[in-house]
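Please consult the sequence and coordinates as each answer is read.

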Amino acid sequence: MLKTWCKYGALYLMMVPVICYFLVYGYYPLARGLQISFQDYRLIGNRPYIGFDNYGTVWHDPNFWKSLTNTLVIGGGSLVCGFLAPLIIALSLNEVLKSWFKKTAQMILYVPHLLSWVVVGGMWIYLLSPDTGLVNLLLQRTLDIPPVHYLAESGWARVVMILVATWKDMGYNCILFLAGIVAINPSLYEAARLDGATRWQQVRYVTLPQIQSTMKVVLLLNTLGVLRIFDQVFVLRNNSTAPDVDVLMYYTYQKGILDFHVGVAAAASMLVLIFTLLLTLIVRKLTRFDEV
Amino acid sequence: MGIERFERAGWGSRVFDAINLLFLLLLMLTMIIPFLNVISLSLSSGVASMQPDIILLPKDFSFEGYKIIWTSLDIWRPFVNSVTVTVTGTLLHVLLSSLAGYVLVHPYVPGKKLMITFILITMMIPQEAVLIPLYVVNKDLHLINTLSVLVLSGLVSGFSILLMRNFFLSIPYEIAESAKIDGAGEFWVFGAIYMRLATAGLATVTLFEFVRRWNMFTEPLVFINDSMKYTLQLALKSMIVDTSATSSTYMVTTNVKMAGIIIAILPLIAIYPFVQRFFMKGILLGASKE
């Protein structure tokens, strides 16, 4: 024992700050969250345990279910669009022969992913504004479409959320798809060409089946993000669209930080945690991720 | 895939290429035009920026927006806060992740499996789900409304540790062994050999963390409500989005708001062309580790 310490002591010492950090900011909050979710949490005074009351409150709150629906609609929409758009772009980029064009395009498409939601949201709030926004001005002057307040109309709010999210992240996922395509053995294309495959057929019968595992990775990574949507909604929401866009994370924020019902918010967080685990399990099963 | 793939490109193939190129160009325009619009608005005069007009070049060119946001709206304070938090946090993050990554490089350390499991589990806890308890923990530690809380959040991550470990693994372990035979301690081997040879890894992790911290929004929103401690993102949010709340004294014109957006983008865009390849590498390494 002592000998181990002498030999590996320095290494353990190096690990100490990391372990302490994870204990205080990783594991402890999880346990604490579980505890608070069963408590009537107050700032001062005692905090009696009240069993499943907080969970009951959340469960019977129609706003919670509305938030869940919004999360699934916006998250699901972003998941589908955020999967298809980069896939199409990657396939399209792959058909370009000029490598400088390919690189420039990739570089430009990735930029929005680098920026915060406040910046991206702020930009789109202006681009979509009804009187001075570029989108409405262009539509009005070219196609004579009357201005629409996209961010204030409940019919548009979710669509805008999904489209802006796709716009922001497509460059990122595109890189993953392109990496998958580059890794395909060139002799497969050669064989397909000898068999007389057209360019479309090469994409259909060689490229797509060959990047299936990349697709699964991208899908799984994006699924994990579905329930996490927050910054985006926080920046782009407003009172008129709130019922259509307020997501689960916003619900917890509102309950815990704005209304200070910490116990209820903790219970909602625990439910989010369970949903996340379930969702991950389902996607893993569906894509048979472990077999890749 | 080289040119030979299309050596007998016929007429149909050329039409396909043209349409494909057009599609990509249009797509790039949807990225470029919004930025052009924002830059031009920020460089226009207040009056011009408020008029409904398609502005892709500065109209009535002036630096008015930048002047107002920097002097009258005191954006420098959130800016300095953001820089402080981002730089300190990133340096500590890289150091701690490297240390842990270095420990896990050793082929035999008693308890290594346990340490790896310990780290992997933290990666499965969604940060969002512990936001409320984190608030309570920070409150108990009296860290609410301090900049330290922002440095502490995400001080180290399993993702970065594994990324650093992978970069370290490409350094032959024999180098470390021979240095130790010559009497070097672990800290010396770590600092003088591993940290110097893993520049690409350090650059990748530094960049990712820098971008993450610079853009951090949820944490400051929840943990900070003293406007003196606001970060740039928070200040920007209250300026751009909650217009009704801040315009009590005077109206914030569009060019000022856009100048704010440019200030928040500038550090990222300035480094981006030089470090692009590290991003690509990091993204791919990150995805393959999940």
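Q: What volume does the largest cavity have?
A: This is a predicted model, in which local features need pLDDT of at least 70 and side-chain atom pairs count only at pLDDT 80 or more, while totals for chains, interfaces and linings use all residues; side-chain values use heavy atoms, with hydrogens and water left out. Residues are numbered from 1 along each chain as its sequence is written, and chains are lettered from A and ligands numbered from 1 in the order in which they are written. A cavity is a set of points, on a 1 Å grid over the protein atoms alone, where a 1.4 Å probe fits but cannot get out, and lining residues have an atom within 4 Å of a point. With grid points joined across faces, edges and corners, and volume taken as the space filled by probe spheres set on the points, the largest cavity comes to about 90 Å³.

Q: How many cavities of 30 Å³ or more are there?
A: Rolling a probe the size of a water molecule over the atoms shows where empty space is left. By the cavity rule above, the count at 30 Å³ or more is two.

Q: How many charged residues are in the lining of the largest cavity?
A: The lining includes Tyr126(A), Ser129(A), Thr132(A) and Gly133(A), together with chain B residues, among them Asn37(B), Gln51(B), Asp53(B) and Thr254(B). Ala, Val, Leu, Ile, Met, Phe, Trp, Tyr, Cys and Pro count as nonpolar, Asp, Glu, Lys and Arg as charged, and the others, Gly among them, as polar. On that scheme the lining has three nonpolar and seven polar residues, and the number of charged residues is one.

Q: Which helix supplies the largest share of the lining of the second largest cavity?
A: The second largest cavity has a volume of about 50 Å³, and its lining divides into five nonpolar, three polar and one charged residues. Helices are DSSP runs (H or I, at least four residues), numbered from the N terminus. Helix H4 (76-103) and helix H11 (199-215) of chain B each supply at least two lining residues. The largest share, three residues, comes from H4(B).

Q: Which residue of chain A forms a salt bridge with Glu95(A)?
A: A salt bridge is a side-chain nitrogen of Lys or Arg within 4 Å of a carboxyl oxygen of Asp or Glu, and the whole structure holds eight of them over all chains. For Glu95(A), the closest N and O atoms of the pair are 3.2 Å apart, and the partner is Arg199(A). The pair links distant parts of the chain, 104 residues apart: Glu95(A) is in the loop between helix H3 (62-94) and helix H4 (99-114) of chain A, and in helix H9 (residues 199-210) lies Arg199(A).

Q: Is Glu209(B) buried or exposed?
A: Glu209(B) meets Arg212(B) in a salt bridge at 3.0 Å, N to O, and Arg213(B) in another at 2.9 Å. Arg213(B) and Glu209(B) are four residues apart in helix H11 of chain B and are therefore separated by about one helical turn. Buried means under 20% relative accessible area, exposed over 50%, and partly exposed in between (1.4 Å probe, protein chains only). Because its relative accessible area is 4%, Glu209(B) is buried.

Q: What span does helix H8 of chain B reach from its first C-alpha to its last?
A: Helix H8 (residues 158-169) of chain B has 12 residues, and its buried residues include Ile161(B), Leu162(B), Phe167(B) and Phe168(B). The expected span of a helix is 1.5 Å times one less than its number of residues. That expectation is 16 Å for H8(B), and the span reached is close to it, at 16 Å.

Q: Why does His142(B) count as exposed?
A: His142(B) is in the loop between helix H6 (131-140) and helix H7 (148-152) of chain B. Its phi is near 60°, a positive value in a residue other than glycine. His142(B) counts as exposed because its relative accessibility is 68%.

Q: How far apart are the end C-alpha atoms of residues 9-28 of chain A?
A: In an unreviewed entry, UniProt places the feature "transmembrane region" at several spans of chain A, including residues 9-28; such annotations may be inferred rather than shown by experiment, feature names are shortened, and positions are given in the numbering used here. The span 9-28 is 100% helix and 0% strand, and its end C-alpha atoms lie apart by 26 Å.

Methods: 1 Å grid on protein atoms, 1.4 Å probe; cavity = no way out; pocket = protein on both sides within 12 Å on 5 of 7 lines; lining within 4 Å.
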